[in-house]
Structures are given as structure tokens and as C-alpha cells.
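Here are a few notes to read alongside the model.

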Amino acid sequence: MAYVTVDALVVPKWTPSSNGNIQQYGSSHNLSSYLSTATDNNMSNNNSNDLYIRRPSDSGETCTSDFSYVDNSKFLPIHKLREKFEHWLILTYGDVKGRSLFQRILFLDEFFDPKNMKPRKLITREEVFTSLERFLSTLLKSEVMKYNANKKLITDYPYIEGYDEQIGQLIPLLREHVALNRFIKEQQQLLLNEYVNILENYNDNIKEDITKTEQRNEEPLLFNYNNVQLITNMFVTIISNYFAIFQQVSKCTNKWMNENLSSCPNYLIENIKKRVNKCNKYQKESKLLKDDDFNLNNLIEKDFEIGNFLFEYTSDWELHTKDLNLNFNSWKTKMNCTSIEDMKIQKIIGYLNCSLEDCVKTITTNSFLKAADETIETSSLSGYKPIDTSNSLQKFATCIQTSVHNYGSLFRKRSVENVTTMKCHLIGNELYSATQLYKTCCQTSKVKNDEVCYGVRTFIKIDDKRTMYIDLRLNNTKGMLNKFMSLAANKIATTCHESFERIIEEKRKEGFPKPNDEQDYLWLSLKNYCQTYYRNVKIV
């Protein structure tokens with residue numbers, strides 16, 4: 001039952017203190033409080049009378065904030081595991097792709113909170129500058145490069161200030177990840193603007209000017225950390241999948257836990273316990289989906305929670321894909337979280353060369369539902385119901401999908417009715433994920449359900465033009481066909497991924513047209529969700 005996730009790979013340069021504040025390498029202070037004459041020998045391009053901003057941690061001054069150094073010896077077990085993971089990535093996926101994937105972990109060291117399993121809450125710009133500077137410095141050092149600034153520097157963050165496209169092309173991750181490059185350049189501009197403003201206020205009366213500056217900056221400069229949160233989530237998502245594959249293939253995690261768990265940071269031990277308890281709760285306390293749930297014509301938050309749990313990697317999942325270099329992988333498990341016997345569970349995880357926004361315009365059309373599943377012979381949507389916030393059973397807009405499935409000449413056709421909906425998750429005003437959920441229901445007496453199914457498809461942004469999807473399927477097709485479903489897992493995964501790619505390319509040729517506001521009910525349900533819970537934010 002024990003398993004580890006991304007929190008076992010992150011070696012944070014900071015840690016939450018006992019009073020709930022953040023401690024980290026470096027210090028916290030106002031940028032404008034430390035104007036100084038440049039004497040740093042490393043800034044050889046500067047004249048002796050030039051100005052730069054000096055951090056207390058560099059000059060040996062006492063830091064009075066809640067920031068302090070982290071005892072790195074606590075993370076030796078994590079270093080051991082991530083070294084094995086890095087070696088496996090490079091050996092399995094090649095030097096360039098392997099290093100690019102691992103370099104995402106270096107970003108998480110700075111911007112991810114492994115204790116709470118979420119992006120760090122960053123308050124000031126300087127916290128971002130300090131962490132980003134360390135990240136870039138680590139990347140350049142990891143590439144066995146010597147950083148040389150070819151221009152006059154005015155800040156104390158040479159890696160951010162001197163970053164350009166030429167440097168970015170030398171690092172696998174920076175070369176390929178558009179959103180990360182944009183983030184670095186945005187911080188570079190913020191940094192230069194901040195220092196220019198400070199230096200413009202510098203005059204002959206230094207003491208008077210510093211006093212005015214300190215008074216003006218008594219309140220910390222608030223930083224909108226949505227971009228940090230977005231990129232951190234992207235990296236956690238993709239590393240989680242590769243780390244799950246690593247644990248399946250290498251079989252070294254149990255040995256690592258037996259040898260090192262007692263010496264791991266307390267938060268990691270607690271996180272593992274929480275995951276084990278959560279897994280036990282979902283499997284032993286009760287069957288989460290009962291017979292009656294498949295007769296209801298509405299969807300509630302619990303239906304999504306079940307999908308979120310099954311999305312996670314646990315020791316119950318078994319990797320079914322043999323070729324690890326495919327753009328998708330397939331998982332199966334014997335775990336059953338329903339009261340219906342012989343439910344077959346499969347999870348397909350893949351990657352699409354398409355922006356999430358364009359994926360959303362594709363997956364919310366009526367035509368997608370039929371094209372994405374080659375067994376569907378006919379399909380139609382009806383009975384659209386918008387959200388009713390006063391009704392606890394109508395927190396999601398729903399519609400009914402009526403389909404006829406054709407599994408080939410050896411088996412009879414099967415009819416099924418599903419209630420389905422769409423929801424999304426935004427970070428700031430930017431779309432991060434979009435999810436479709438469907439479940440067998442009993443809307444009309446005209447259709448007798450010949451199979452029982454529950455499914456969740458989520459599409460997640462991992463870069464500007466790259467999307468990762470997770471397609472989770474639970475179904476019981478009844479009769480002899482149900483016994484053959486597990487044997488066909490690889491074919492189902494291959495067909496699913498190829499169908500997604502084909503539909504995306506067809507829509508690309510059409511310019512990714514916007515879905516029909518009157519006929520495409522999944523699109524309507526997604527718009528209704530945004531209007532209700534995100535104050536009508538425009539997602540595409």
C-alpha cells in the first residue's frame with residue numbers, strides 16, 4: 001500500500017518554520033534598503049563608482065527576518081532517490097529529454113511546497129527573484145558551464161539579469177518550455193524596472209534618499225504568483241506520471257523506503273501515512289459508487305472526487321504499456337470502488353501537441369464524443385440542465401448522452417445512457433485543466449442500459465502548446481464481452497490516443513472553430529460553470 005509521490009523528490013531550499021512563516025536560504029528585506037558602491041570583484045565590467053543592490057546574506061550582515069538556512073543533511077535520503085530517478089530518466093528517454101524532465105525538479109526545489117503538496121505562497125517580488133536566481137544558477141552549473149556576463153550589470157541577480165535566448169538554447173528545459181521562458185523574461189523585466197526606479201532616486205544626499213525610500217516601501221511589494229503556481233503545477237503533473245512509471249519499472253522504491261524512511265524529513269513520513277490512510281478509506285470503508293448511483297440523473301462533487309483519487313498513482317495500479325517511449329501509457333488495476341462486480345478499470349495517460357484552449361474547443365463538441373470512441377455507432381445529447389446554485393444536486397450543468405456501442409460481429413450491440421458534464425480549473429484567469437465526467441443513468445424508460453460505466457477525462461496544460469490528458473474508464477459490458485475487455489487494454493489505449501490525435505489534427509486544419517453555443521451541450525455546461533464559479537471568465 002505504501003507509495004511515494006513528487007514530495008519524495010524535492011529538496012527545498014526553504015522550509016516552513018514552527019510559527020508558520022517561511023524560512024529559506026537567503027534573506028528578506030527591501031531591495032531599496034541596501035544601496036551600496038560596487039566593490040564586487042565578480043562585477044569586473046562595472047566601474048568602481050557604479051551602484052548595485054547588496055543582499056545581507058552576501059555581505060555577512062545580520063538578517064533579522066524569519067528566513068534562515070536549511071539543514072541539507074535532512075534530505076540525504078531524498079538525494080539518493082532522485083539520483084536513481086535522474087539516472088533512469090536519462091537511460092530510458094535519452095540524455096536531452098531525460099535531463100529536461102529532471103530539470104523540472106530543480107524548479108520545484110525552489111517553488112514547490114512538498115509538505116503541503118502545493119506551490120509555495122510567495123509574497124514579495126524579492127522572494128521570487130531569489131528563488132529564480134538560484135534555479136538558473138543551478139541549471140547553468142549542472143550543465144558544467146561558466147556564466148559570464150557580457151554587459152554591465154546593475155543588479156545583484158546576474159543570472160536573471162543576464163538571461164537571454166542564447167543562454168536558454170543551451171539548457172534542455174529552457175530550450176523547450178515556452179511558459180517557463182516567458183516567466184523568466186517577465187521576472188527579468190520586473191527586476192530591471194525595480195532597480196532602475198531605485199537608482200533613479202539615488203542622489204548626492206544618500207542618507208536622505210534612503211530614508212525616503214524606506215518609508216515608501218514599508219509595506220512589502222505584493223507579487224501576483226499565478227505564473228509561479230501555473231508552472232509549478234505543470235511540472236508536478238508531468239513529473240508525477242514519469243515518477244509513477246519509474247516506481248513500476250525500477251521496483252526500487254520499497255527498498256528505498258525500508259532503508260531510508262526513518263531518516264526522511266517528518267513531513268514526508270506524514271504525507272506517506274496520509275496517502276496510505278486515504279487509500280484504505282476509499283477501499284475498505286465503503287464502496288464509493290453503489291448501484292443506485294448509476295440510476296441518478298445528476299452529478300455531484302463526490303463523483304469528481306472518486307475520479308481524482310483514481311487519477312493518483314497507488315501501488316494497486318499496474319503499468320500495462322511496454323514501450324515507454326510512446327506518447328501515452330496505459331494502466332490497469334483490480335481495485336473496485338463500486339458495488340458492481342467485475343468492473344474493469346483502465347487509465348490512459350498521454351500527451352498532445354496542442355494548446356489546452358484548442359483541446360477544449362475540440363472535446364466539447366458533440367462530434368468529439370462519437371469520434372473519440374470507435375465503438376460508438378450512434379450518439380446524441382439531450383436534456384441540458386444549467387447549474388442551479390440553490391439545489392445541492394444541480395451544482396454542475398448536465399446533459400444526457402444516448403449511445404449505441406458496436407463491439408464487432410461477435411457481440412450484440414449495446415445501448416447506454418450517460419449523464420455528463422464539464423468543469424474546469426483556472427489559475428488566475430488562465431485555464432489550467434478541463435474535465436469531462438460521465439456516468440450511467442436512467443433518464444428514460446425507452447433505453448435499457450446494457451452496460452454500466454463511469455468515466456473521467458481531464459486535459460491539463462503542461463506548456464503553451466502541450467497538453468496532457470488522463471482518460472479513466474470503469475465499465476462492465478456484461479456477458480462474455482466483459483471478460484475480453486482486460487485483454488484488449490493495449491488496443492483500447494492505442495485507439496484512444498490515435499483518435500485524440502486524429503481529431504486534434506482535423507480541427508487544426510479547420511482553425512479550431514469555436515463550439516456551437518446552442519447545440520454543443522458540453523460546451524454550454526463548461527461556459528455555465530465558468531459563469532457561475534469564475535465570474536464569467538473567458539476561457540477560450
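1. Start with helix α3 (residues 95-111) and helix α10 (residues 226-250), which pack at about 130 degrees with their axes 10 Å apart. Axes here are lines fitted to C-alpha atoms, for helices over the stretch in contact, and angles run from 0 to 180 degrees between N-to-C directions. Helices are DSSP runs of H or I with at least four residues, numbered from the N terminus. The pair is therefore oblique, the class left after under 35 degrees (roughly parallel), over 145 (roughly antiparallel) and 65 to 115 (roughly perpendicular).

2. Who touches whom (contact: heavy atoms within 4.5 Å)? On the α3 side the residues include Leu-101, Ile-105 and Leu-108, and on the α10 side they include Ile-231, Phe-235 and Ile-239. The contact divides into 12 nonpolar, 1 polar and 2 charged residues; nonpolar covers Ala, Val, Leu, Ile, Met, Phe, Trp, Tyr, Cys and Pro, charged covers Asp, Glu, Lys and Arg, and the others, Gly among them, are polar.

3. On provenance: this is a predicted model, with local features needing pLDDT of at least 70 and side-chain atom pairs 80 or more, while totals for chains, interfaces and linings use all residues. Residues are numbered from 1 along each chain as its sequence is written, and side-chain values use heavy atoms, without hydrogens or water.

4. Check two backbone spots. Lys-251, not a glycine, has a positive phi of about 60 degrees and is exposed at 61% relative accessible area. Phe-512, also not a glycine, has a positive phi of about 50 degrees but is buried at 8%. Buried means under 20%, exposed over 50%, partly exposed in between (1.4 Å probe, protein chains only).

Definitions and conventions: Helix = DSSP H or I, 4+ residues; strand = E, 2+ residues; numbered from the N terminus. Contact = heavy atoms within 4.5 Å.
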